[in-house]
Every structure is written in structure tokens, then in C-alpha cells.
Amino acid sequence: MANGIRRSELRGRRLERDRLDGLLRDVRDGHSRALVLRGEAGCGKTALLDHLAAQAGSVRVLRVAGVESESEIAYSALQQLCAPLLTHLDRLPPPQRDALRTTFGLSGGPVPERLRVGLGVLGLFAEAAAEQPLVGVVDDVQWVDAMSAGILAFVARRLAAESVALVFATRDAGDEPMLAGLPELWVPGLPDPEARALLDSVLTGPVDAHVRDRIVAETQGNPLALTELTRGLSAAELAFGFGGQSAVPLSSRMEDGFRRRIAALPPESRTVLLAAAVEPVGDAQLLWRALDRLGVGGEAVAPAEADGLIEFGVRVRFPHPLVRTAAWRSADAGRLRAVHAALAEVTDPVREPDRRAWHRAHAASGPDDEVAAELRDSAGRALARGGWSAAAAFLERAAQLTADPAGRGELLVEAAAAHAEAGQFVQVPELLGAAQLGPLDALRQARAERLRAQVAFMLQHGRAAVPPLLAAASRLEALDPVAARDAYLTAIGAAMYAGRFGGDVLRTAAEAARRAAPAGDTVPDLLLAGLTAWILDGRTSAVPRLHRALDAMTDDDADLVWLAAPVAHEVFRFDLANRMSERAVPSAVESGALSRLPTALAIWANSLIDTGRLAEAADLVEEIDAVTRATGASVYQLSRLVLAAYQGPEQSATALIEATLRDADARADGRLRAVAGLAAAMLHNGLGDHEAALEAASRTAEYPDMALNHWALRELVEASARTGKSDVAAEARERLAERTAATPTRTARGLQALADALAGPEDRAEENYRAAVNGLGVVESATQGHRARLLFGEWLRRRNRPGEARAELRIAYDAFTAMGAHVYAGRARRELAATGENVRERTRGDRERLTPQEAAIAQLAVSGRTNPQIASALFLSPRTVEWHLRKTYHKLGITSRRELAAVLTAR
């Protein structure tokens, strides 16, 4: 294409093409795949996607690209990608079908749960692929709206055997954390020979060899930079290179090149580009109607097309997103408003009210209360879909268009709150600062202060957030008692995180809450009453109130799980903690509140470790990292530290624990210090270094951190008993007994029996060991149950009962090996060797075992659930469930569900 962006065959890229060609082969063969192309702007990701589409053959390809101006409109990219597949909607289960119809605006209905939307999209892809293999291509993910990106990432993680692939293209690794953990392909700059060949193909005259070298080096082989940065430069400019190494980011320099080309076009052609940039869907008919309103004829398109800056077809397309950005940013404010106004006039107010309101808002040159009201309605619709980020954008713009200072301040507080729920904490302080210029009335001033303090706590745990939370709660008492109660709950939670570094702040918060908060029967009321009693009246007195709060909890209280889960652990209700934590993750996802997700994931990871599912917990740790990078939130990851203690290796686990201890001391985060100390005690007990475990457990057990203190005492009893410190062991055993006696659940009795076996009367040790193995041998405390069995086996060996010892130690060794707890598997292996058994160190792969997902599907199949029911429970497609069952049958040597129950029982 003359003077256009060249789309000739790809130079080099053999590795990348082979990877994409392999993906297409896998999809044709009935497998599913996900792939993320990462690389800087202009590196050739879109060209590789073009190659994928060109090679697809019998595979159906659907494409969508993120658009910066559309990034706040919830589900916009998802709707565009799924639109060609909606003929398959009726094949989906009714809940998923209805969720998609509501999400895509095809019908009214209740707010769809995001899990149902995700399962619906997964099912829609699977149904379409049953007729023809399918590849969904999502370009410029960094500009895809958050709701679409979240759903597509959800689907990509659950693809297995549907003949579906999802291929994403985004910029550098930190740009789109939701895709973290998916298979990736980094797209670097071209190698030097290919880069030089490409540069030579676009140069129009001789260039000094040194200048050529400098161009290749500066562009780092970026194809778009090589072709575009030299365009329009004179021979003299080329002779001097680019004036030395530029400090401007490459994408900005490429955008500047596009701006120069746009500036050379006739004014009406520039308007065509601007209108196409502002209308992000690429609806050609809508664009033509808007251009007609602007008085721009069809002939204005030709110069822009001739220069390769735009392509008109069924859809309007820019050859590179930086062309769109350059067109958008090149326009003066008046012309941009005129284009938005024309687009607003031709946008259907019934079918697209939010997009029309957005255009009207950007067409306004000053305050406009009517448009502000429309934007507020759009924010409400966004919230109904869980679109907190979109709601925040609508509210911010509504505030800008509101003439009344008080009304503007109110909208800014609402926008700040929406940003906080979306996990965009960095936006909150500035919006609250602007809101306070309002001025705000007393109620909204207090709410703003509470929000500021809550965000400070989310970003940095510690005692600093407690005083402002208490001050806001005090202001709210007479204005909004419910908000005051919630602020007191958060203040107590923040003080609990401060732990040993908090001084008297925990008691101060509890006393203030008790004076101010009226008695009530809601879960937050009961939880606040129980926590204040725990702090002020002592644990024994508080236990009945804590139980009452836990018994009253429902799924509607999932936003309180960050406090309720530690309470459940404190009173040894591990089964309830497990159920709450499992529900917390889908609840956070369904609500669209990214702010809640890191804590929900962290709590669920803890429960997975308790149940022996260490590999799944490790996967969640990676997801937590991705979400915290996106939000900046501070999440204390007990799971990461405990996983290190169980899995090792010793050197890396020790380094992680020591770094965490230093970080906790620097931030005055007492709870983080307790978690790290507990992990150190667990690691050293597992390694057999009981002296080091004793030191770590002693320090950790000094402060009664909720839900952590009894675990520190448990490690302290073992370490002191193994080092011969019988007096220390006896004291720790008695302290644990005070806690377990007040809450005698099965888990509590099991932990106490283990402490009694280690530090109690010797003549009752065997009885207590057996009681411990029995009491802890349930799903919610499986890991501790295996540790009890290991200790029992060691005791039997020391009593010269090697045969009985081997039986217990083999079970413990197999269990720790299967779950990947290498530190404790090593301890069990050493003990087995001491009994005279020659044990070869092995890994989980030595014998063909069911994966955790296969095991879960098998158990649900045995319980009588159908494939669609299993798919709904495990967030998979029915076809993936069928594929996993076939693999399970093969591994177990069976052919049907009828044989499954007997084989699982035998195994």
C-alpha cells in the first residue's frame, strides 16, 4: 500500500508463527488453548494475529480490539466478541442464557451474577465450537473494559476440551494482571538482520551506515517504529538520526509520527479520522450518519484511506491503535465536542442510552444538569451489572457537569466510593480532596473521612488507619448509625492487624465501639458485639457471642468474611471457615468489587492448605499477586508463607520468612509478623530443627493474635517437647487447653489431644495420639491430621514398635508427597528409614494419580450430579467435564460411572 502501513509477509517471526500454527492444530484436533501475546506497542502483535486469522482455514475466528475511549463501558468488548454466536443462546442452561441476555441488553431481568455470565460465555463458545472449531482473538487487552477482560480471563482459565482457543494481545507484563498465569508468548523486536531489511524497504534514499545503525538500535527492532519513525523526515533529519537517544517513550514517538501524517490531511479527512476514533465500535452506518450531521461527505474518506490511516468496510478499522489515539489527541476541544454531539444525535437513546449519555457529556462545553442526570442513571445501570469502574467514570463526568457545588461534591464522593470498590484506590484521595471543596454537608463529610481511612487501611495495614476510622465513626454516630457501626468494625479490624505493634489502640477502638454502637440482631451488629467482648471481657466471655454471629451469617454477608473467617478459626469452627472462604471468592467476583477479591482469595487459599490442597493454594497465590498489582491493596498472605514452610526448599523458604519479618517490623504490622513467625516455627519443626522452631514459636505465642495464637501454641508444644523443655511444653499445653475448653469442636479436641500426647502423662500418650489422629482426620483439618499421624509414628518408633510405626509413617509420607509438602515428606521419609524401611524419595508423578480437578469431578459424578450440574459447580463447560471424566476412566481402568464409586472407595 503506497505510503501506508505495510502488511507484507511477516519478516522472521518463525518461533511465533510456529506457536500460533500449533495452537490452530490443537484446536482442530479437539483441544482448547489460551495464549497471551505480550510486547510493546508496534512490536507486531497485530500482524501475528493477522497471520493467525489467515492460517485459520476451517477454524472460525472472532476478533475484537480494546478501545481506550470505550474502556469504561462494561461488557462492551465481550458483547462485540460474542454477538456472532448469539444464535446458540437457546442451547445454554436457563440461568446462563438469561444472564447473557441481560448482560448484552437483549432483555430485562435481575442483575446477573458474574459467575453466571462467565459460565454462559464458556458454554456459548463450547456450543459454537461443537459445529466448527473456534478461536477468539482479543487485541489491545490493556484497553478492554475491566468486566469483559475479567470474564474472558475466567473463561480462558477453564478451557479444556471444547475446540476453543482464546488469544490475547497486550502490552508489557504489568499492563494486564488479570491474564497472569495464562500461557504467554513474548513478542520482542526483530533480530538485527530482519530489522535492517525492514528499514531498508522503507527508506527512499541512501542513508549513512552509522545513522542506519542508530535507527535500528534506538527502535530495538520494533517493526512499527522502523516503518513509521522515518516517514516524513527529510534527508538531513535522517543524516542526523533522531537527534540522539530520545527520552520520549517509543509509543509516544510513533504517535507523533501519525500526528504529522494526520496534520497533512485535508480538514474534512481529519474529521473522518476523529469521528472514527471517538466511535469505538466501528459501526460504519452510524459513522456515516454522524459525518452527514457534521457536513462531511464521503469523498473526505479517500485521502485518509490512501495514506493507510483507516480502512472502511463492513466495519471501520484503524491499522494500528496509535492511529486512533493520534487522531483523538490531535483534535482541538471545539471540534472534539462537535463530533461527540453528532454521534450523540445519531445514537439510539433506547438501545444505547449509556453510550449516548457519554457522547452528550463530552459534547457539553459547560455545566449541564440534564446530561449529568443521564450520566447518574448510566452509573446506576453500570452498578447493576457490577461495573464499579464504569460507574465511577460516569459519576466523575456527571460531577464535572453539575453546577451546584454541593451536588458536585456529593457526586465526587460517590465516584470515589465506586473507585474504591473497583480496587482503584489511587484515584480516591484526589476525588475526595476535590469533593471537600463542595462544600459537603456533615453526613457526606463524615462518609468521605471514613472512605479515606478505609482506603488507607487497604493500602497499608497497621495502626495508622485506626484513629481516622474512629474519628469518622464518631462523626457518623448521629448522622448514620449503620455507617458508624461499619466504621467501628473496620477500626477494630485495623487494630487487630496492628497486633503487638498497636499498643492500646485495640482496646481504645473496642471501648469506643461499645459506647456508641447500639445492640442489634444483624450479622454486623452481632460480630461487633462479639469482637468487643473478645477484646474487653476476655475470650471465654466472648465465645457465645462470636458463635451467635457466625450462626447468623448468610451469603449476603460475604463482604464481612475478612473478619468472620478469622473469628471462625478463633473458635475452631474450621468447617464453617472453609464454607465461608469458598463462597467469598465467587461473591467478590459476582459483585464486581475488585477491592474484596484479594482478601477473599487469600482466605480461600488458607482453607485449601488446611485441607491438603497445596497445589491449588499455590495457584491462588499467583492470582492474588495479579490482583494486588492491579489494585495496590495490601493483603497479608498467610498462604504464601505456610506453603513455603510445607513445600520448601529450606533456603528459599527461610529467605521469604526473614524478608517478611523485616517488612512487618518496618511497617509495624503485627499480624504479618505473627504469620511469618508461625511459618518459621512450622518450617523448622518440619526440618527437625526444633530449637529454631522453639524460638520462633515462643516469640509468636507471646501476643494473642486472633486465629493465630492457638497455632503458635501448637507449634510451641511440639518444639519444646522435642527439645526436652518439658516445663515450656506443659505451660503451652495448658494455655492451649484454656482455648479449646471454651470451644470444644472436633478440631479443637483433636489439637488438644495432640498437645496432651506430646506434653501430657506418658501413660496416656498413645490414647491421646489416636484421639488426635481421629479428631483432626477430617477434610477441613486434613493437613494437621497427617502431621498428627507423623508424630504418632515417631512416638511408636521410639517405643521400639517399628511395624506399627511404619504403618503410620507410610500413610503420612504418602499424604505429604501427594500434596507436595516436601518438607514434611522428608521428615516422614527419614523416620521410615530409621525403622529399617528403605524409602526412595519420590514425587507425585511416580504413580499416575487423579489431578485435584479430576478428583473433584469424580466425586461429584459419584454423588449423582449430571455433567451440566458438575460444570456449574466447578465453573467449567459440560464438554470439559466430559473430557476429564474420560481421562479419569482411563487412569482408573474403568469404562463407566457405575464403576466409579467402588474404585474411588478402594483408592
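Predicted model: local features only at pLDDT ≥ 70, side-chain atom pairs only at ≥ 80, totals over all residues.
**Exercise 1. Work out how helices α36 and α37 are oriented relative to each other.**

Solution. Start with the general idea: two packed helices are described by the angle between their axes and the distance between the axes.
- Step 1: take α36 as residues 709–722 and α37 as residues 726–742; their axes come within 8 Å and cross at roughly 155 degrees.
- Step 2: angles over 145 degrees count as roughly antiparallel, and α36 and α37 are therefore roughly antiparallel to each other.

**Exercise 2. Find which residues make the contact between α36 and α37, and sort them by class.**

Solution. Go helix by helix.
- Step 1: α36 contributes Asn 709, His 710, Leu 713, Leu 716, Val 717, Ser 720 and Ala 721.
- Step 2: from α37 come Val 728, Ala 729, Ala 732, Arg 733, Arg 735, Leu 736 and Arg 739.
- Step 3: sorted by class, the contact has eight nonpolar, three polar and three charged residues.

**Exercise 3. Describe the largest cavity and the second largest cavity.**

Solution. Begin with the count, then take each cavity in turn.
- Step 1: there are six cavities of 30 Å³ or more.
- Step 2: the largest cavity has a volume of about 90 Å³. Among its 13 lining residues, Ala 65, Val 67, Glu 70, Ser 76 and Ala 77 are the closest to its centre.
- Step 3: helix α3 (residues 76–82) gives the most to this lining, with three residues. The lining divides into seven nonpolar, four polar and two charged residues.
- Step 4: the second largest cavity holds about 50 Å³, and its lining residues include Met 496, Trp 534, Arg 671 and Asp 705. Here the classes are six nonpolar, one polar and two charged.

Note on methods: Residues numbered from 1 in each chain as written. Heavy atoms only, no water. Axes fitted to C-alpha atoms, helices over the stretch in contact; angles between N-to-C directions. Helix = DSSP H or I, 4+ residues; strand = E, 2+ residues; numbered from the N terminus. Parallel < 35°, antiparallel > 145°, perpendicular 65-115°, else oblique. Contact = heavy atoms within 4.5 Å. Nonpolar A, V, L, I, M, F, W, Y, C, P; charged D, E, K, R; others polar. 1 Å grid on protein atoms, 1.4 Å probe; cavity = no way out; pocket = protein on both sides within 12 Å on 5 of 7 lines; lining within 4 Å. Points joined across faces, edges and corners; volume = space filled by probe spheres on them.
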